[in-house]
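Me: I'm new to reading protein models. Could you walk me through this one, feature by feature?

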Amino acid sequence: IGEDLKNELANELSSSTPGFNMSKVKEQMFYKVGLADAVDLFKARRVFIKDGFAYVPFKEIDVIVLNNYRTKLSKALALTARSLPSIQSDERLRPLLSHLSHSYVGPDYSIQKSTGKISLEQIDALSVKSFPLCMRQLHRALRDSHHLRHGGRMQYGLFLKGIGLTLEQALEFWKKEFIRGKVDADKFDKGYAYSIRHNYGKEGKRTDYTPYSCMKIIMSNPPSQGDYHGCPFRHSDPELLKQKLQSYKIPPSGITQILELVKGMHFQLACQKYFELTHDVDDIGFSLNHPNQYFTESQKLLNGGRELKKEFNNSGNFQQKNNSQESINSSSTPTSSNATADKELEGLEAYFTED
Ligand code: SF4
């Protein structure tokens, strides 16, 4: 409502809205809503009513939005339940339907947007500050054992690609680490370099593969002994998860909250809580569904809303010219659509036979 009407009704608004004195009425916005939409507030005597309208303060508007959403959702669910038998009998729609609950429809975090924005030297620090727990765990395991089995290489490799590693950087990164372990340079070039180039769409079907979403990580390919991929909130033993969180200096009350969410199988909410605790914010302000989204949001927050700064380093890991070229190359390879990505990834995994 406008200021004039608010001033006219100030006395009534103040006496009928709990917790609102005259000065608070002046500060806050009020909405004039049909009474039918504000029944709950009216029943609880929380709003002023006049001529079939409720005057709802801004802080209560979420009740109206929620009610509205609930009504629409329940209508839509009833409609869906009625139509389901006929839809399910259609052979063309059945596979689509069975994948619906697992499919990811957010941004694909493909390479074009962020290529060349990080240097290899930044990765250790970024893994602590801005990686979600799944990727922090993979990075640690890689640094410790100088190797990751194929599930880890896929999950971590595509994530790194999504945060901006160019193909050349990825080859250098993996090679440097692997040759510190049991793999020599020759074996790396023959056995592993192909699969990295494949990830970047430079081999095989030349598909520009997209990083895994949380749903894919949580729902498919659970880790076995010796694997470090997967989602720690979903796949780790709660006691081990607790120890890991303690070692990352998460406060005990935060760990309890995370473990409660994990117990209720709210893995992504547990991850959001981890984000809040590690970034010292009360409310994450977005709904988490992708590890690369976690990274992007973390960087935005840490850099005060700015994107990750381009950094040049002495070893020349980042060169503007090369990266723009890579970007052009990448965009000439069509990014697979979300609908086909899973299918293509299944094909790709065949290339990763070597552990
Ligand atoms: Fe990674 Fe998603 Fe699990 Fe967080 S919820 S740890 S981002 S898979």
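Reply: Let's go from the whole chain to the sheet, then to a few loops and charged pairs.

Me: Okay, what should I know before I start?

Reply: This is a predicted model: local features need pLDDT of at least 70 and side-chain atom pairs count only at pLDDT 80 or more, while totals for chains, interfaces and linings use all residues. Residues are numbered from 1 along each chain as its sequence is written, and side-chain values use heavy atoms, with hydrogens and water left out.

Me: How many helices and strands are in the chain?

Reply: Helices (H or I, at least four residues) and strands (E, at least two) are DSSP runs, numbered from the N terminus. Here you get 20 helices and 3 strands.

Me: And what share of the residues counts as buried?

Reply: Buried means under 20% relative accessible area, exposed means over 50%, and partly exposed is in between (1.4 Å probe, protein chains only). Of the 355 residues in this chain, 41% count as buried. The chain exposes about 19500 Å², and carbon and sulfur atoms supply 54% of that. Areas like this come from the Shrake-Rupley method with a 1.4 Å probe; for residues, only the protein chains shown count as cover.

Me: In what order do the strands of the sheet come?

Reply: Two strands pair if DSSP finds at least two bridges between them. This sheet is open, has 3 strands and runs β1-β3-β2, with antiparallel pairing. Its edge strands are β1 and β2 (48-50), each pairing on one side only. From one strand to the next, the twist averages 30°. For angles like that, axes are lines fitted to C-alpha atoms (for helices, over the stretch in contact), and angles run from 0 to 180 degrees between N-to-C directions.

Me: Which residues face each other in those pairs?

Reply: Take β1 and β3 (residues 53-57) to begin with: they pair in the antiparallel sense over 5 bridges. Phe30 has Pro57 in β3 as its bridge partner, and Gly34 stands opposite Phe53.

Me: Why is β3 described as largely enclosed?

Reply: Because 4 of its 5 residues are buried, β3 is largely enclosed by the rest of the structure.

Me: Which residues make up the nonpolar patch on the surface?

Reply: For patches, take residues with over 30% relative accessible area and no salt bridge: like charges are joined within 9 Å, nonpolar side chains (Val, Leu, Ile, Met, Phe, Trp, Tyr) within 5 Å. Met29, Tyr31 and Phe58 form one here, with about 300 Å² of accessible area together. Tyr31 sits in β1 (residues 30-34) and is partly exposed, at 32% relative accessible area.

Me: What does Leu171 touch, beyond its neighbours within four places in sequence?

Reply: Contact means heavy atoms within 4.5 Å. Leu171, in helix α10 (residues 167-178), is in contact with Phe188, Ala193, Ile196 and Arg197.

Me: How many salt bridges does the structure hold?

Reply: Side chains of opposite charge can pair when their charged atoms come close. The cut-off is a side-chain nitrogen of Lys or Arg within 4 Å of a carboxyl oxygen of Asp or Glu. This structure holds 16. One of them joins Arg149 and Asp227, with the closest N and O atoms 3.7 Å apart. Arg149 lies in the loop between α8 (133-145) and α9 (150-163) and Asp227 in the loop between α13 and α14, so the pair ties together parts 78 residues apart in sequence. Arg149 is partly exposed at 31%, whereas Asp227 is buried at 17%.

Me: And where are Glu297 and Lys300?

Reply: They are 3 residues apart in helix α18 (residues 291-302), separated by about one helical turn.
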